[in-house]
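Let's take a friendly walk through this structure together. Have the sequence and the 3D view ready.

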Amino acid sequence: MLAYWRRIKIENEMLYLFLNNRVAQVAAVIAILSVFGALFAPIIAPTDPYDLASFDILDSFLPPAWVDQGDPRFLIGTDDQGRDLLSSIMYGTRLSLLVGLSSVAFAAVLGTSLGLAAGYIGGRFDAAVMRIADVQLSLPAILTALLVDGVARGILPREQHEDLLLVVLTVAIGLSLWVNFARTARASTFVERNKEYVQAAEIMGLHPVRIMAVAILPNILGPLMVIGTIDLAVAILLEATLSFLGVGVPPNQPSLGTLIRIGTEYIFSGEWWIVIFPSMTLIIMIVSVNILGDFFRTVLNPRLR
Amino acid sequence: MAGFIIRRLIQSVFVMLAVSLLAFALFRFVGDPVAVMVGQETSIEDQDRLREQLGLNDPVITQYTRFVANLVRGEFGFSFRTRQPIGEMILQRMPATLELGFVSLMISLFVGIPAGIYTALRNDGVLANSILIVTLIGVSIPTFVIGIFLIYIFGVQLGWLPTFGRGDVVEIGWWKTNFLTLGGLRALILPALTLGVYQLTLTMRLVRSEMQDVMNTDFIKFAIARGIDYRTVHYRHALRNSMVPVVTIIGLQFGGIIAFSIVTESVFQWPGMGLLFLDSIRYVDIPVMSVYLVIIALIFVVINLVVDILYFVIDPRVRLKPEGG
């Protein structure tokens, strides 16, 4: 009951602080708009960039509509194939967000359950998990993601790899992010483990899994939420980087990173819009997620206020 | 002290063993080494003979031991793709990455630390706030986008700097260096900036928050109350105490720089280890991948070890806790 009231209070406080923080509000609006644009891309996008019949190679390299030679049909221009850039960006954002969210979810579930169990059970299990985390930490995220992708290429036959690319990508990014969740969950569990409500639950004879999931988990969600938000930005960034390096999403379904990679081939010949607009979209999206993460962190950690 | 170092050493050896196990598994079980090495016409018997020769029929434990022994002796095997010895390939590429990383680290430290101190002391100034906003954006811009923007501005629009490759290099033994020619230095500017900006923002934010924490402690308040002038308080008392975590971060940053150089090298076609690794992933060149993995992990582990020992030397609090490690 106490924990319940504490949560309500924090929620109110969060709302209060949110209403007094312009920057966070703008960031939230941008984040919601990106999610909206991504979710409804098939409905609101002018054309379907995956549909080969919907674009014409004759329309390729058209600059944005407000520039000379711009075509009013294509608000921010077209790419090398004649695809409408605005539609490509909407679909690309959709893919970036999808991969970002699912890999954070994967990392959160994996990391939190390992960390929670390590903190609650302790002993050898704890030591083992923490050693694995050490090894993981000695490999930077981008390297882990690249390695997982490389291994998947080696193991899976070529056609299957193409089909499973998104799954591979999600696992690759998720595996490089779980340590943060595990460490935080473990540290918070250590604190919670000795509290009276956990002891009460133990005396009542509840199953350890139930104690962890129902009693402890809700009380350690705060810091995990902060990590989730910050890691979402990291995941979107990683996905874009991998796609940019050409080891990410399938080429016929361009994500923002793929669009940027295609765009870089044309900056020397002056077609700046192909690279600038996807880059700006990516940056604005990551900045707003980072600002929201910063906001959550400040709200949940009174020392920073 | 000795006990602490030995404990950390054992831990490092453990991490390296785990990574080498990973690398071995990668090498041994991802794809069939024999199938990759021989052509399609090779008969089954010949393949089996090769398998026997390479020791692939031995128990896995024996194979792993041999793998580790070879790594320790510096025999890394051959690339599937180019048939060259991997050790040579990596050694050839290493100077490019190390020089790029070194310059980026210098940018990150010599700009990041002063900026961090400034923003910590001037909490509400216009300049401090704008620096903070710029760094928040800096954290959020992917490395490759920074690189592309720099190429567009300084390479395409202004035409001031080269955007491709290492430029002129001078060979000193096997080490090819960029530092001795103007062309080499010019080629280094854009990649190093690209790689340095992100690290710079990290350094700055860390120095700022550490410095702010120290400024809030009682001994600083007391020093100010005693009437010691602000300059002494800031630079003698506060700065010295906020530098301890910065040492850690410098170490970790170098690791991060080596990792992120993969991206930067790809943008600028900088012929370093990162580019080699990317190619090995693209062409599923497993031996190169696994050796690269081991070498990067080794660099990380050594850096972490050095940082921990430094920490131990600098910060007496770590020494006083027997379990601190």
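Which helices do the buried residues of H6(B) pack against?

## Helix H6 of chain B and its surroundings

This is a predicted model, and in it the buried residues of H6(B) pack against helices from both chains. From chain A come helix H12 (221-245) and helix H14 (273-300). Chain B itself supplies helix H5 (86-121) and helix H8 (182-215).

The buried residues in H6(B) include B:Ile131, B:Thr135 and B:Ser140. The helix covers residues 126-140 of chain B, 15 residues in total. From its first C-alpha to its last, H6(B) reaches 21 Å, close to the 21 Å expected at 1.5 Å a residue.

## Where chain B meets chain A

Stepping back to the two chains, 36 residues of chain B are in contact with 35 residues of chain A. On the chain B side, H6 is one of the elements that give two or more residues. The others are helix H1 (2-29), helix H7 (143-157), helix H10 (230-268), helix H11 (273-282) and helix H12 (286-314), each belonging to chain B.

What classes of residue make up the side of chain B that touches chain A? There are 31 nonpolar residues and five polar ones, with no charged residues.

## A look at chain A

Now for the partner chain. Chain A has 14 helices and zero strands. Of its 305 residues, 46% are buried.

Notes
Residues are numbered from 1 along each chain as its sequence is written. Chains are lettered from A and ligands numbered from 1 in the order in which they are written. This is a predicted model: local features need pLDDT of at least 70, side-chain atom pairs count only at pLDDT 80 or more; totals for chains, interfaces and linings use all residues. Helices (H or I, at least four residues) and strands (E, at least two) are DSSP runs, numbered from the N terminus. The expected span of a helix is 1.5 Å times one less than its number of residues. A residue is buried if 20 or more other C-beta atoms lie within 10 Å of its own, exposed if 12 or fewer, and partly exposed in between; C-beta atoms are placed from the backbone. Two residues are in contact if their C-beta atoms, placed from the backbone, lie within 7 Å. Ala, Val, Leu, Ile, Met, Phe, Trp, Tyr, Cys and Pro count as nonpolar, Asp, Glu, Lys and Arg as charged, and the others, Gly among them, as polar.
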